[in-house]
Amino acid sequence: MADDAEVHKLTQAAFHDSDISVMMAFRVSKSHGRWGVSAGRRSSLASKQRVLALTSNKSVASKNLRANLQVLKVSSHGFQPAKVYKLKHLTKIEAVQSDNTGCTFVLGFDNLTSQSVAPAQWTMRSIDDRNRFLTCIMKLCKENLGRLPKIIGMDVVEMALWAQANAKALPIRGPVDIEAVEVVDGPMEGIVTVERDLVSKAEEDDMEALLDTYVMGIDEAEAFSERLKRELLALEAANVHAILESEPLVEEVLYQLNVAASSVDDLDEWLRIFNVKLRHMREDIESIEVRNNKLDMQAQNNSALVEELNKLLDRLRVPDEYVSSLTVGSFDEARMPQTVEACEWLSQSLHALEPPYLDACYLNMRAVKEKRAELEKLKATFVKRASEFLRNYFSSLVDFMVNDKTYFSQRGQLKRPDHADLRFKCRTYARLLQHLKNLDKSSLIPLRKAYCHSLNFLLRREAREFGNELRASTKVTRNNNSGGAWLEGSSGGQSGGGIDTSTVSDAYAKMLRIFIPLLVDESTFFASFMCFDVLPLVPPGPSDRRNSEDKDEEEESGSGASPKPSEKDSAELEALNQALEELLDGTQEDFYAVVEWAYKSDPLRCISMQGATERFLSSQKADAAGFVRRLLVDLQSRITACFNRFVDEACHQTEKHDRNVRQTGVLTYIPRFAALAQRMENLVGSNSREMVDAAYTKLVGTMFSVLDKVAQVDPKYTDIVLLENYAAFQNSLYELANVVSTLGRFYHTASDQYEQARSRYINSVINHEFEKLFQFGQKVENLLYTVQPEEVPFTYGMTKAEMRKLVKGCLSGAEKHVSAMYKRMQKQISSEELLPSLWEKCKVDFLDKYEGLEALLAKCYPSETLAPNSKEMADMFKNLY
């Protein structure tokens with residue numbers, strides 16, 4: 001075919017530079033098992049066009065060819081080798097069953113590195129191409145490798161017939177031994193191998209000689225049939241003769257069998273009789289056993305019942321000594337062990353009469369009901385007696401301490417409250433309260449209220465006496481707390497009048513140091529003493545903290561359960577907080593009084609008081625200190641409100657500057673604020689930083705706002721007022737701005753405003769003497785946007801004559817103009833320290849503008865020069881000032 005010749009030619013051309021000879025080549029389609037919609041045809045998306053060629057090396061003799069299978073890609077530039085398979089590794093040829101045409105097959109090689117990827121499937125254009133290709137492969141394998149690959153799913157007989165009919169079409173001459181091919185039926189079923197090799201001539205002769213040694217007459221069918229009939233008749237006759245000879249023996253055997261059968265019938269009748277008798281005996285024995293078993297069970301049950309009843313009687317018995325301890329007698333300390341023991345017995349007895357401690361079958365027994373009623377009555381009697389005693393006991397303890405004045409602070413002597421003896425006496429009845437809770441939890445509610453009422457009266461009395469004596473013993477002169485007066489104050493730890501007010505904040509800190517731990521201890525003791533079921537109420541110590549850390553590690557590792565607060569715990573904690581409110585309510589008024597007193601003495605002491613409060617607040621982490629934390633938070637709020645009141649008053653005094661009168665020089669509140677800020681920084685700590693920064697923000701914001709309004713009163717002096725005051729602000733707060741970030745931000749704001757005001761003022765000073773000169777330069781610069789520099793002298797109003805006239809008029813007596821600039825600045829600037837820097841800035845800006853004008857005139861008027869020039873002008877500035 002012309003197409004095959006063309007493919008063979010193009011394939012050979014692809015290997016023209018190599019020692020490879022092409023035996024045959026075919027156009028094929030390559031795919032990986034994906035099929036299109038139409039049966040037996042691959043879709044264009046799943047197949048690729050390739051050329052499959054059988055090649056050999058030219059330098060190898062034909063009797064031992066090294067045949068390879070080449071795969072070539074088809075492109076616009078011809079065929080390009082893509083992959084090569086060695087024929088010696090070919091192990092099988094398998095037809096694809098889904099292709100009904102039989103043109104698609106898979107070549108299996110034993111040296112493929114990736115067995116997980118599906119092998120390529122090759123589709124020939126026709127059956128003839130497929131047979132010609134595969135027949136040539138089998139021929140090469142047979143002659144050169146001495147073996148044939150397995151053929152799976154193909155008709156080898158059809159291929160053998162095709163090879164005989166198309167022997168001329170094969171590139172390799174000689175017959176192809178198809179019968180020697182190993183055929184495997186089906187690609188997925190059980191493999192059946194049929195291999196038939198031809199028998200040699202010598203083997204065939206040996207088999208014929210062997211068969212000749214046995215003369216059976218098989219070749220004569222009629223004779224062989226007659227022979228078999230005769231042998232069959234002889235065999236049947238022999239069998240009949242043998243049966244006839246054994247007849248007497250058979251009759252004897254039958255007789256003996258009849259005798260045995262009659263004996264068996266007699267034996268069967270006897271066995272039936274015995275079976276009936278045995279059945280009756282068995283029924284009698286079973287009835288006797290049943291009666292015996294019932295009697296044994298009844299005896300055992302009676303014994304167990306007696307034993308249980310004896311135990312129940314022991315459980316229901318009430319000892320007389322316990323009854324007397326619970327119903328009569330006093331609650332003295334000496335009798336408390338017996339009372340506690342009786343309480344324990346009563347609790348255990350009540351629990352023992354409830355499921356699951358007592359079986360449910362006993363609950364409805366009259367004796368159990370009566371005993372439960374008796375115990376409930378005993379419990380009610382004891383709870384009533386114990387509650388009444390404890391209420392009176394708490395009240396008597398507090399009354400005794402209140403009536404003894406030595407427990408409280410007196411004139412000239414501060415007394416630290418001491419409740420050690422009170423707690424020791426209360427602890428005597430701690431176990432009694434625990435048993436009351438176990439017996440009747442509701443009985444603790446009135447007891448808690450009674451304890452809170454009694455102790456609240458004592459705590460309020462102690463706080464009031466201590467606070468009054470604390471204020472009386474602290475000597476400090478009261479100052480006016482207005483913001484204007486404090487803005488006149490000096491720095492350091494003293495007030496505006498030069499009086500040391502550190503004792504004020506020390507007194508407040510002492511109040512916290514004495515009473516905050518006392519209130520926390522009372523809260524913790526109350527929660528423990530009154531049997532509140534809450535988590536640990538005090539911060540853990542070193543050993544407790546280490547144990548809690550170990551528990552945390554166990555919980556993280558999964559060895560322990562993580563305790564989570566339940567609704568019951570939340571309700572108990574809420575009840576505790578309500579009780580603490582009753583216990584400690586009213587003590588906060590004395591703290592508030594100390595805060596107000598300290599504020600009136602020195603408002604700035606609010607800073608140190610705020611820090612002290614925050615330190616105590618950060619240390620209160622226990623649940624029992626809930627009221628104390630709330631008290632400290634309220635104190636913080638009050639201190640902040642007082643300090644904000646001071647800041648508002650200071651801002652109000654700042655805003656009272658007369659805006660209708662022109663202000664000259666530095667405003668008074670700027671240096672006063674520097675002194676105030678210095679004193680505030682001496683008092684501030686890490687805990688009050690936020691409050692002080694907020695005050696800075698409000699004060700400085702008000703100062704800058706008032707400064708802008710004051711500067712606008714006279715627009716002629718606006719820039720002067722701004723630059724002088726912003727400069728004074730920077731000079732007074734330079735050191736503080738380096739360490740206080742809030743002041744640092746305002747420092748940078750003042751610096752920016754100062755730079756802007758200074759630039760505007762210096763421009764106004766320069767323009768006052770040389771405005772026409774620099775305006776002419778500005779006109780020339782604007783004109784250069786539209787005309788060339790050489791055309792400027794020919795523009796109306798910009799001629800050389802007009803330029804000479806203007807320059808001469810402005811620069812004649814330049815030295816006087818410069819001196820006038822300095823004198824004007826000296827007259828307007830009130831700060832002698834600020835004048836040198838302003839004049840230096842003015843000189844630099846003027847020379848920059850003058851040099852720019854000189855360069856501009858040299859560009860547009862080359863033949864004209866300024867007199868004096870920029871260098872002479874700079875010398876003039878140096879010589880004058």
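Strands β6 and β7 (residues 121-123) run antiparallel and are joined by 3 bridges; two strands count as paired if DSSP finds at least two bridges between them. Helices (H or I, at least four residues) and strands (E, at least two) are DSSP runs, numbered from the N terminus. Within this pairing, T104 stands opposite T123 in β7. The model is predicted, with local features requiring pLDDT of at least 70 and side-chain atom pairs counted only at pLDDT 80 or more, while totals for chains, interfaces and linings use all residues. Residues are numbered from 1 along each chain as its sequence is written, and side-chain values use heavy atoms, with hydrogens and water left out.

Buried means under 20% relative accessible area, exposed means over 50%, and partly exposed lies in between (1.4 Å probe, protein chains only). T104, V106 and G108 point one way from β6, F105, L107 and F109 point the other way, and all are buried. Strand β5 (residues 90-95) is also joined to β6, by 5 bridges in an antiparallel arrangement. L90 has F109 of β6 as its bridge partner.

## Strands β2, β3 and β4

Strand β3 (residues 68-75) pairs with strand β2 (residues 47-57) in the antiparallel sense over 6 bridges. In this pairing A53 stands opposite Q70 in β3. Strand β3 also pairs with strand β4 (residues 78-86), again in the antiparallel sense, over 8 bridges. Here K73 stands opposite Q80 in β4. A hairpin is formed by β3 and β4, with 2 residues between them.

## Whole-chain values

The protein chain contains 28 helices and 10 strands. Of its 881 residues, 40% are buried. Among contacts with a separation of 6 or more, 72% are between residues 24 or more positions apart; contact means heavy atoms within 4.5 Å. The accessible surface of the chain comes to about 51,100 Å², and carbon and sulfur atoms account for 52% of it. Accessible areas come from the Shrake-Rupley method with a 1.4 Å probe, and for residues only the protein chains shown count as cover.

## Cysteines

A disulfide is a covalent bond between the sulfur atoms of two cysteines. With a disulfide taken as a pair of cysteine sulfur atoms within 2.5 Å, a search of the whole structure finds 0. The closest cysteine sulfur to that of C141 belongs to C136, at 9.5 Å, which is too far for a bond. C531 lies in the loop between α14 (502-529) and α15 (542-557). Although C531 is not a glycine, its phi is positive, at about 60°.

The accessibility of selected residues is tabulated below.

| Residue | Relative accessible area | Class |
|---|---|---|
| C141 | 0% | buried |
| C842 | 0% | buried |
| C531 | 5% | buried |
| S870 | 17% | buried |
| K849 | 29% | partly exposed |
| L257 | 52% | exposed |

K849 lies in helix α27 (residues 835-860). Not counting residues up to four places away in sequence, K849 touches N763, I766, N767 and F774. The C-alpha atoms of K849 and F774 are separated by 7.9 Å, although these residues are 75 residues apart along the chain.

S870 is found in helix α28 (residues 870-880). Leaving aside neighbours within four places in sequence, S870 is in contact with L847, Y850, E851 and E854. S870 and E854 are 16 residues apart along the chain, and their C-alpha atoms are separated by 7.3 Å.

## A nonpolar surface patch

V250, V253, L254 and L257 form a nonpolar patch on the surface, with about 360 Å² of accessible area together. Patches are made of residues with over 30% relative accessible area and no salt bridge; like charges are joined within 9 Å, and nonpolar side chains (Val, Leu, Ile, Met, Phe, Trp, Tyr) within 5 Å. A salt bridge is a side-chain nitrogen of Lys or Arg within 4 Å of a carboxyl oxygen of Asp or Glu. L257 belongs to helix α6 (residues 247-316).
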